Amino acid sequence: MEKVILAMIGLGGRGRGDLLDTLADMKDVHVAVICDKNPATFEPANALLEKKAGYRAETTTESDEVFARADVQGVVIATSWNSHVPLAIAAGDWLLAHGIRLIDEADFPNVVEMARLRSRA
C-alpha cells in the first residue's frame, strides 16, 4: 500500500488530540514532519505516533521548512485561528482540503484568492 506523506502544523489540543491521533491510526498515511512554535509539543506528539504507528516524525518550529519539503504531499493545519488563514494561504499546493472559520471578514478575499489560484479543476 502506497502511503500519503503528510505534515502537521499545530500540535495543541485539536492538533495532537483529534487530528494526529486519527492520522496515526490510518495505515495509508505517514506523518513525516510535525511543526509547532512550541517545541515542548514535539515529544508528546512523537510519543503518540510511536505508540500508534511505530515511527517518529521529524520536527520543526518553522512552517516555511514544512512547505519547502519536496516529500510532503499534504499539510494538515491545526493552529489557532489567528495564524490559520495565513498558513492556509502559504500552504498553496500542499493544502488538500480546508474548512475555515474566519476571524475577520477581511480574511475572506484572501481565502477565495487562495482557492482560485490553487484550483486544479
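R56 and E50 are joined by a salt bridge, their closest N and O atoms lying 3.1 Å apart; the term is used here for a side-chain nitrogen of Lys or Arg within 4 Å of a carboxyl oxygen of Asp or Glu. The structure is a predicted model, in which local features need pLDDT of at least 70 and side-chain atom pairs count only at pLDDT 80 or more, while totals for chains, interfaces and linings use all residues. Residues are numbered from 1 along each chain as its sequence is written, and side-chain values use heavy atoms, with hydrogens and water left out.

By the salt-bridge rule, the count comes to seven. Another of them joins D21 and K52, at 2.8 Å from N to O. D21 belongs to helix α1 and K52 to helix α2, so this pair ties together parts that are 31 residues apart in sequence. Helices (H or I, at least four residues) and strands (E, at least two) are taken as DSSP runs, numbered from the N terminus. D21, at 24% relative accessibility, is partly exposed, and K52, at 28%, is partly exposed as well. With D25, these two residues are linked in a network of salt bridges.

R69 and E58 also meet through their side chains in a salt bridge, 2.9 Å from N to O. Since R69 sits in the loop between α3 (63-67) and β4 (74-77) and E58 in strand β3, the pair ties together parts 11 residues apart in sequence. Here the two partners fall into separate classes: R69 counts as buried at 16% relative accessibility, whereas E58 is partly exposed at 48%.

Attention now turns to helix α2. This helix (residues 42-53) has 12 residues and reaches 16 Å from its first C-alpha to its last, close to the 16 Å expected at 1.5 Å a residue; the expected span is 1.5 Å times one less than the number of residues. Its buried residues are F42, A45, N46, L48 and L49. They cover an arc of only 155° around the axis, which puts them on the same side of α2; the arc is that of the directions from the helix axis to the C-beta atoms. An α-helix has 3.6 residues a turn, so residues three or four places apart point the same way. The cover over the buried residues of α2 includes α1 (13-25), β2 (29-35) and β3 (58-60). After the helix comes G54, with a positive phi near 85°.

The largest nonpolar core has 16 residues, and M8, L11, L20, L23, V31, I34 and L49 have the most contacts inside it. Such a core is a set of buried Ala, Val, Leu, Ile, Met, Phe, Trp, Tyr and Cys residues joined through side-chain atoms within 4.5 Å. Two or more residues each come from β1 (4-9), α1, β2 and α2, and the largest share, four residues, is given by α2. Beyond its neighbours within four places in sequence, L49 is in contact (heavy atoms within 4.5 Å) with L20, A24, V31, G54, Y55 and A57.

A second, separate core of 12 residues includes I9, V72, A88 and A91. A91 lies in helix α4 (residues 81-91) and is buried, at 0% relative accessibility. Not counting residues up to four places away in sequence, A91 touches F67 and I77. A91 and F67 are 24 residues apart in sequence, with 6.3 Å between their C-alpha atoms.

Terms used
Buried < 20%, exposed > 50% of the residue type's maximum accessible area, 1.4 Å probe, protein only.
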